[in-house]
Amino acid sequence: MTIDKAALRAHVRATRDAFVAAKPPVITVPPEFTVRLSHGLTVTSYVPMGSETDPSPLARAAVEAGCVLALPHVTVRSEPMRFLAWETEAALEAGPFGLSQPAADAIELRPDIILTPMLAFDAKLDRLGQGAGYYDRAFDRFPDAWRVGVAWSCQQVEDLPVEPWDMPLHAVVTELGWITR
């Protein structure tokens, strides 16, 4: 059976929007995440858009543990997403697709932990993103980085279609807790 990714994206986005509108949930930082943090690691976060899960509690925990923060920086689809250094109070610039991102001249960093937004995930920790492939290419470029999905529990689905280039997440954090394979 073939799954229509566009229809699945629309369905999960609508489900997520309704979930957040009903009662805005909050992510708490699980001990399984903090145990991985150490001084000097680079943790990438992101600025949520719409009803995306806000990773800021995880980013704050990383800063408190002495980690360096980076945010994604996107220019055009043909170019890879870069992770640029970001101080939590530094101004952000408008990027493509409505993104808020560091200035293009910020220092590029190699991530140790990638906090990843998504539309859907399954029990195998496969993820469905927006469809542009930026995170898929980042996972390929930084295969040793620990990939942590950040989502609401309503975004978990039974099964996702997997392409040859897809790399599963190592873990997912939701408002209900920590999920690993």
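Hi everyone, let's start with helix 4, whose buried residues are Y134, Y135, D136, A138 and F139. Buried means under 20% relative accessible area, exposed is over 50%, and partly exposed lies in between, with a 1.4 Å probe and protein chains only. Helices (H or I, at least four residues) and strands (E, at least two) are DSSP runs, numbered from the N terminus.

A quick word on the model: it is predicted, so local features need pLDDT of at least 70 and side-chain atom pairs count only at pLDDT 80 or more, while totals for chains, interfaces and linings use all residues. Residues are numbered from 1 along each chain as its sequence is written, and side-chain values use heavy atoms, leaving out hydrogens and water.

Back to helix 4. What do its buried residues pack against? They pack against strand 2, strand 3, strand 6, strand 8 and strand 9, where contact means heavy atoms within 4.5 Å.

Two strands pair if DSSP finds at least two bridges between them. Strand 1 (residues 42-44) and strand 2 (residues 68-73) run parallel, joined by 3 bridges, and T44 has A70 as its bridge partner in strand 2.

Please find strand 10 next. Strand 9 pairs with strand 10 in the parallel sense over 3 bridges, and V148 has A171 as its bridge partner. On to strand 11: strand 10 runs antiparallel to it, with 4 bridges, and A171 stands opposite T180. These two strands form a hairpin with 2 residues between them. In a regular strand, side chains alternate between the two faces of the sheet. In strand 10, A171 and V173 point one way, V172 and T174 point the other way, and all are buried.

P57, L58, A59, A61 and A62 are its buried residues. Among their packing partners are helix 2 (31-34) and strand 1. After the helix comes G66, with a positive phi near 90°.

What about the interior? A nonpolar core is a set of buried Ala, Val, Leu, Ile, Met, Phe, Trp, Tyr and Cys residues joined through side-chain atoms within 4.5 Å. The largest one has 42 residues, and F33, L37, V43, I113 and L115 have the most contacts inside it. Helix 3 and helix 4 are among the elements giving two or more residues to this core. Apart from it lies another core of 6 residues, including L8 and A120.

Leaving out residues up to four places away in sequence, R127 touches several others, among them Y135, D136 and F139, which brings us back to the buried residues of helix 4.
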